[in-house]
Amino acid sequence: MAKPSVFVTRRWPAAVEATLAEHYEVQLNTSDRPLTPSELREQLGKFDAVLPTVTDRLTAEALDVKAARTRILGNYGVGYSHICETSARELGLTVTNTPDVLSECTADIAMTLLLMVARRAGEGERELRAGKWTGWRPTHLIGSKVSGKTLGIIGYGRIGQEMARRAHHGFGMKVLVYNRSPVAPAVLSRNKATQVNCIDELLPRCDFVSLHCPGGAENRHLINSARLDQMKPDAFLINTARGEVIDEWALAQALMYDLIGGAALDVFDGEPRIPPDLMQCDNLVMLPHLGSATKEAREAMGFRVLDNLADFFSGHDPRDRVI
Ligand code: DGY
């Protein structure tokens with residue numbers, strides 16, 4: 001029997017590409033640059049499976065295909081707000097993602113950002129590399145203590161829970177949680193977390209707020225000027241979820257006018273473009289979407305896509321089907 005044909009939109013870890021090639025007729029995007037909507041449409045007409053990732057804008061325009069050959073989008077990544085759900089359903093596409101395997105590494109990056117912004121690590125490194133460090137002094141780059149403070153987590157899925165585990169068991173932090181649905185008491189008690197009813201109740205009580213909710217239209221600008229105003233004036237905002245969850249213009253204003261203590265971002269609306277206003281803010285730490293960027297997580301993500309493809313092409317419902 002002919003092997004199903006598969007198109008991979010970006011380069012993957014070598015070990016995963018090699019295994020993929022053993023089981024499928026694979027075409028790689030050797031240029032490793034994001035495809036345009038018309039290039040994506042072309043692949044949807046030619047391959048049984050397309051394996052996209054966060055940099056592919058699978059909008060209604062890109063999914064406007066008359067005769068799609070593709071039956072499954074095996075997304076490399078847990079977030080899939082870059083895929084237009086309505087159009088994918090209209091095309092009868094199965095869509096899968098890669099949960100679990102990146103939760104710990106993404107939480108590690110969220111904790112890295114939290115520590116960096118609280119302890120002014122970015123500012124310190126910039127000063128040192130610019131040759132401007134004049135030596136130790138009692139008043140130099142004074143930050144905020146992390147241990148024992150209150151962390152608010154918005155979105156208590158797998159990554160949010162891993163963040164809470166690090167914060168509570170590693171740093172003795174108190175954890176408040178906002179989640180759309182009720183979280184089981186046993187899950188909350190693992191990290192001595194308390195669930196609150198709404199975001200407005202959470203924000204004024206936290207020293208740190210970390211975002212772990214999905215992106216997409218529903219959560220676009222969930223953190224806007226009004227919500228930034230509700231934060232304590234010395235509190236910090238951390239985002240490893242999706243860029244669109246924060247109104248970046250409002251955040252830049254809050255940072256420039258010291259309305260909050262600082263922010264730390266791994267994701268941006270319209271990345272890799274960074275709004276110039278954010279670039280000017282010293283009380284902001286920025287990383288280039290590194291949440292899952294470890295050898296272990298990136299390989300596991302690829303193998304998880306392979307599991308989903310194997311399920312699908314053997315006639316079973318893939319374990320990580322999201323659409
Ligand atoms: C994810 O898995 O959603 C990461 O952000 C990479 O897309």
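Colleague: In which sense do strand 1 and strand 3 pair, and over how many bridges?

Modeller: Strand 1 and strand 3 pair in the parallel sense, over 3 bridges; two strands count as paired if DSSP finds at least two bridges between them. Strands here are DSSP runs of E with at least two residues, and helices are runs of H or I with at least four, numbered from the N terminus. This is a predicted model in which local features need pLDDT of at least 70 and side-chain atom pairs count only at pLDDT 80 or more, while totals for chains, interfaces and linings use all residues. Residues are numbered from 1 along each chain as its sequence is written, and side-chain values use heavy atoms, with hydrogens and water left out.

Colleague: Which residue of strand 3 is the bridge partner of F7?

Modeller: That partner is V50.

Colleague: What is the strand order in the sheet?

Modeller: The open sheet has 5 strands in the order 2-1-3-4-5, with parallel pairing. Strand 2 (25–28) and strand 5 each have a single partner strand, so one side of each is left without a neighbour in the sheet.

Colleague: Which strands does helix 12 lie across?

Modeller: Helix 12 lies across strand 1, strand 3, strand 4 and strand 5, and runs at about 160° to strand 4. Such angles run from 0 to 180 degrees between N-to-C directions, with axes fitted to C-alpha atoms, for helices over the stretch in contact (heavy atoms within 4.5 Å).

Colleague: Which of its residues are buried?

Modeller: The buried residues of helix 12 include M301, L306 and F312. Buried means under 20% relative accessible area, exposed over 50%, and partly exposed in between, using a 1.4 Å probe and protein chains only. Just after helix 12, G315 takes a positive phi of about 85°.

Colleague: Is L44 buried or exposed?

Modeller: L44 is buried, with a relative accessible area of 1%. This residue is found in helix 2 (residues 37–46). Leaving aside residues up to four places away in sequence, L44 touches several others, among them V50, A62 and L73.

Colleague: Changing topic, how many salt bridges are there?

Modeller: The count comes to 25 salt bridges, each a side-chain nitrogen of Lys or Arg within 4 Å of a carboxyl oxygen of Asp or Glu. One of them joins D108 and R166, with the closest N and O atoms 2.6 Å apart. D108 is in helix 4 and R166 in helix 6 (residues 158–171), 58 residues apart.

Colleague: Which residues are linked with that pair in a network?

Modeller: The network of salt bridges links E104, D108, E162, R165 and R166. R166 is buried at 16% relative accessible area, whereas D108 is partly exposed at 36%.
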